[in-house]
Amino acid sequence: MSSSASTSGPVISSGLTPPPTTHRKRSFKRLAEPYFYLSPALMLLALVMILPLVVGLSYAYQNIELLNPFDRGWVGFKHFIALESDRVFWLALKNTFVWTFGSLGLQFIFGLGLALLLNQAFYGRKLIQALVLLPWAVPTFLSGLNWAWLFNPVISPIPHWLAALGILNEPYNILADPELAIIGPIVANVWFGIPFFAITLMAGLQSIPKDLYEAAVIDGATLWQQFTRITLPLLAPIIAITLLLRTVWIANFADLIVVMTNGGPANSSQTIASYIFSTAYKKLDFGYASAVATVLLLLLIIYAALLFGMRKKLLENSGN
Amino acid sequence: MTAYTINRRLWSTGRYLALSLYVLFALFPLFWLFRVSISPTKLLYTEGTSLWPSMVTIENYLIVLQDTSFPTYFLNSVTVSLGTALCTTLIASAAGYAFSRFKFKGKAIIAFLLLLTQMFPLVMVIAPIYRLMQPLGLTDSLTGLIVVYTAFNTPFATFLMQSFFDAVPKDLEDAAMIDGCTRFQALIRIVLPLTLPGMMATLGFIFTAAWSELLFALMLINSESQVTFPVGLLNFISKFSVDWGQMMAAGFLALIPACIFFALIQKYLVTGMTAGAVKG
């Protein structure tokens, strides 16, 4: 009965012995039901995402340079071979790790903290909640421009404050410093992304039955124990899926870097995503850009597989 | 007893301290956006680092509202974002429900395909999408944008909705179905009200994602009357020598619809609707 409702299916059908025809009808309905709910999403995605994706992937094996329209055609693995000696590509790969996990880690930790702080009743909660969610509402392109502005010592006090605190030697623009440039977009990304984790985790926290905490308090559990034994395990499914989705999303997210540093200075803040963007839209070399995108795709698939593997192991270890 | 009170005081002070730090971090950039938008252009660089300019003007706002097409861009963006948010949430709720409540053939493959669509940079699918949409008359139209945005946001929203459905105990609808409800009735009457906070959160995410999307809007739209807000902002940079004050004014105005939208969904986000729904 793999086609029945995932849990307690037998409970529903056990008491009933319907005549054979109805039974066949019912079992067909059961088989078809999940696809009925899925079909709008599947049809839309097949047409508007999967098909273009396949076409986009096929560019990686072709010469498609808009500046060189006569040199077209299939070239096999030429672009992939060229990748090996592409210094910018390897630098961008390294930066992608820093960019993705730096942004993601900070967004998640602060977002979780914020969700926990906001999940209890206190005076002024509604106002604060509305205020802290605001960064999410700013278009990413505009937040990029705004943050580029904020790091500029001529038109923003922030570099001066950082210098006064001893974090910078003197008030200068970190976006122009090859060592620090990537920190700029990461800060902007963290600022923009905290509300996402805060809202999602708050919605998750809302669905944890309050009785669990009441029972735990009666049993003398400390706040920390309540957090590790009730909150975290029950939030785990939402945490796992949001972390996975955001990793994929941030790894592909080029707006902030393109707007704030354009990958510079000297490619020091170039990520794979921003490299793909500039290869495709500045050099107009779609073939090579697609090869780089294919590598990113493969890396993300491996990452997702590792995450799913870990999750499976965790579920097995927990003894269920 | 006193130790307990002191402990509580410390917690409460700590919470307000942490929250105020974060509020400062969240709001300062927005404050700066506003401060630039009300500074006269001639003071932009001379008083660049002072927290408040010595002269304040609303001229930038007047120009944006009266002499540019921004009111049209706003309206276009509201249409596209609302349309996308509603379509996506509806389609993704259905798909998320299927993932959460059924075991079926091809489930893993479908989930993998959904994830796959998020792993490839959008830059690379724009050209194929353009070629697909053109014969359908969906380029240069807001409907076309809604279709593309809905398609792109559906996988993310589906996984999100699945995790919200997963959080609702299955016993609730099983009980309703034993009492004679069909599965669909149980979904509408019992499961959906409980996932309302999650649905509202999804609605909010998709609205803002569509609200700030630049690339597709730039590539698929040609006519001035169909331009969305982020593309309009970009025009400030490319068409004229950048007028920062006007641009920041337009940017600040752009926050308003998103804020109204979040204010509307806010009450669904905070109420603990499922509290006490399942006992034992």
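A crossing of two helices is left-handed if the near helix is turned anticlockwise from the far one by less than a right angle, and right-handed if clockwise. The model is predicted, so that local features need pLDDT of at least 70 and side-chain atom pairs count only at pLDDT 80 or more, while totals for chains, interfaces and linings use all residues. Residues are numbered from 1 along each chain as its sequence is written, chains are lettered from A and ligands numbered from 1 in the order in which they are written, and side-chain values use heavy atoms, with hydrogens and water left out.

**Exercise 1.** Classify the packing of helix α3 (residues 70-101) of chain B against helix α8 (residues 183-212) of chain B.

*Solution.* Helices are DSSP runs (H or I, at least four residues), numbered from the N terminus. Axes are lines fitted to C-alpha atoms over the stretch in contact, and angles run from 0 to 180 degrees between N-to-C directions. The two axes come within 8 Å and cross at roughly 140°. Angles under 35 degrees count as roughly parallel, over 145 as roughly antiparallel, 65 to 115 as roughly perpendicular and the rest as oblique. α3(B) is therefore oblique to α8(B). Their crossing is right-handed. The contact comprises 14 nonpolar, seven polar and two charged residues, where Ala, Val, Leu, Ile, Met, Phe, Trp, Tyr, Cys and Pro count as nonpolar, Asp, Glu, Lys and Arg as charged, and the others, Gly among them, as polar.

**Exercise 2.** Describe how helix α10 (residues 223-251) of chain A packs on helix α6 (residues 142-166) of chain B.

*Solution.* The axes are 9 Å apart, at an angle of about 170°. The pair is therefore roughly antiparallel. Contact means heavy atoms within 4.5 Å. α10(A) contributes Ile238(A), Ile241(A), Thr242(A), Leu245(A) and Arg246(A), and α6(B) contributes Phe156(B), Phe159(B), Leu160(B), Ser163(B) and Phe164(B). By class, seven are nonpolar, two polar and one charged.

**Exercise 3.** Determine whether Glu173(B) is buried or exposed, and list its contacts beyond four places in sequence.

*Solution.* Glu173(B) lies in helix α7 (residues 170-178) of chain B. Buried means under 20% relative accessible area, exposed over 50%, partly exposed in between (1.4 Å probe, protein chains only). At a relative accessible area of 2%, Glu173(B) is buried. Its contacts outside four places in sequence are Tyr97(B), Arg101(B), Arg183(B), Ala186(B) and Val191(B).

**Exercise 4.** Identify the contacts of Leu201(A) beyond four places in sequence.

*Solution.* Leu201(A) is in contact with Phe108(A), Gly111(A), Leu112(A), Ala115(A), Leu235(A), Ile238(A) and Ile239(A), its neighbours within four places left aside.

Definitions and conventions:
Helix = DSSP H or I, 4+ residues; strand = E, 2+ residues; numbered from the N terminus.
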